[in-house]
Amino acid sequence: MGTLTKGDLKYTYSWTAVKPDDPKITGAIDGKFVNRHEGYEVLYFVNTITANNTDALKAERLLHDKVPSNLHSRAHIFEWIKKNWAMYP
């Protein structure tokens with residue numbers, strides 16, 4: 001699992017969650033969707049799908065630049081990343 005922190009991310013994100021999506025209130029990250037503009041969701045997602053920080057940063061880049069914008073669910077985004085991982089160094 002990646003261990004990136006907020007300061008490691010390469011893109012700019014919002015860190016102010018909109019209710020009821022705030023994990024400080026609900027105690028959990030949204031289990032179904034990834035909001036690509038919310039830093040805590042991107043950070044959690046890339047850390048949970050990767051084995052190390054290098055891969056987590058690559059996953060962040062793919063999520064930001066390559067994953068089609070019509071994909072929103074964690075499962076669909078993860079499948080796209082797995083399928084296309086080797087195409088992007």
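Visitor: Where is Thr12 found?
Guide: Thr12 is in the segment before α1 (23–26). Helices here are DSSP runs of H or I with at least four residues, strands are runs of E with at least two, and both are numbered from the N terminus. This is a predicted model, where local features need pLDDT of at least 70, side-chain atom pairs count only at pLDDT 80 or more, and totals for chains, interfaces and linings use all residues. Residues are numbered from 1 along each chain as its sequence is written, and side-chain values use heavy atoms, with hydrogens and water left out.

Visitor: Is Thr12 buried or exposed?
Guide: Thr12 counts as exposed, at 80% relative accessibility. The cut-offs are under 20% relative accessible area for buried, over 50% for exposed and partly exposed in between, with a 1.4 Å probe and protein chains only.

Visitor: OK, zoom out. What's the secondary structure?
Guide: The protein has 4 helices and 0 strands, and along the sequence the pattern reads α-α-α-α. Of its 89 residues, 37% count as buried.

Visitor: And what share of the contacts join residues at least 24 apart?
Guide: That share is 60%, taken among contacts between residues at least 6 apart in sequence. A contact means heavy atoms within 4.5 Å.

Visitor: How many residues of α2 are buried?
Guide: α2 is mostly covered, with 8 of its 11 residues buried. Among them are Tyr40, Leu43, Phe45 and Val46, and also Glu41 and Asn47.

Visitor: What does Val46 touch?
Guide: Setting aside residues up to four places away in sequence, Val46 touches Leu4, Ala56, Ala59 and Glu60. Val46 is also among the residues with the most contacts inside the largest nonpolar core, along with Phe45, Ile77, Trp80 and Ile81.

Visitor: On to α4. Which residues are buried there?
Guide: In α4 (residues 74–84), the buried ones are Arg74, Ile77, Trp80, Ile81 and Asn84. Looking down the axis of α4, these fall within an arc of 135 degrees, so they line one face of the helix. The arc is that of the directions from the helix axis to the C-beta atoms.

Visitor: What covers that side, and what's on the face turned away?
Guide: The cover over the buried residues of α4 includes α2 (39–49) and α3 (53–65). The face turned away carries the exposed residues Ala75 and Lys83.

Visitor: How many salt bridges?
Guide: The search of the whole structure finds 1. In that salt bridge, the side chains of Lys82 and Glu79 meet at 3.1 Å, N to O. The criterion is a side-chain nitrogen of Lys or Arg within 4 Å of a carboxyl oxygen of Asp or Glu.

Visitor: Where do Lys82 and Glu79 lie?
Guide: Both lie in helix α4, 3 residues apart, about one turn of the helix. Lys82 is partly exposed at 47% relative accessibility, and Glu79 is partly exposed at 43%.

Visitor: What sits over the ring of Trp85?
Guide: The charged end of Lys58 does, 4.1 Å from the ring centre. That label needs NZ of Lys or CZ of Arg within 6 Å of the ring centre and within 35 degrees of the ring normal.

Visitor: Last stop, the loop between α3 and α4. What about Ser73 there?
Guide: Ser73 is found in that loop and counts as buried at 11% relative accessibility. Ser73 touches Lys32 and Phe33, not counting residues up to four places away in sequence. Ser73 and Lys32 are 41 residues apart in sequence, and their C-alpha atoms are 5.5 Å apart in space.

Conventions:
A nonpolar core is a set of buried Ala, Val, Leu, Ile, Met, Phe, Trp, Tyr and Cys residues joined through side-chain atoms within 4.5 Å.
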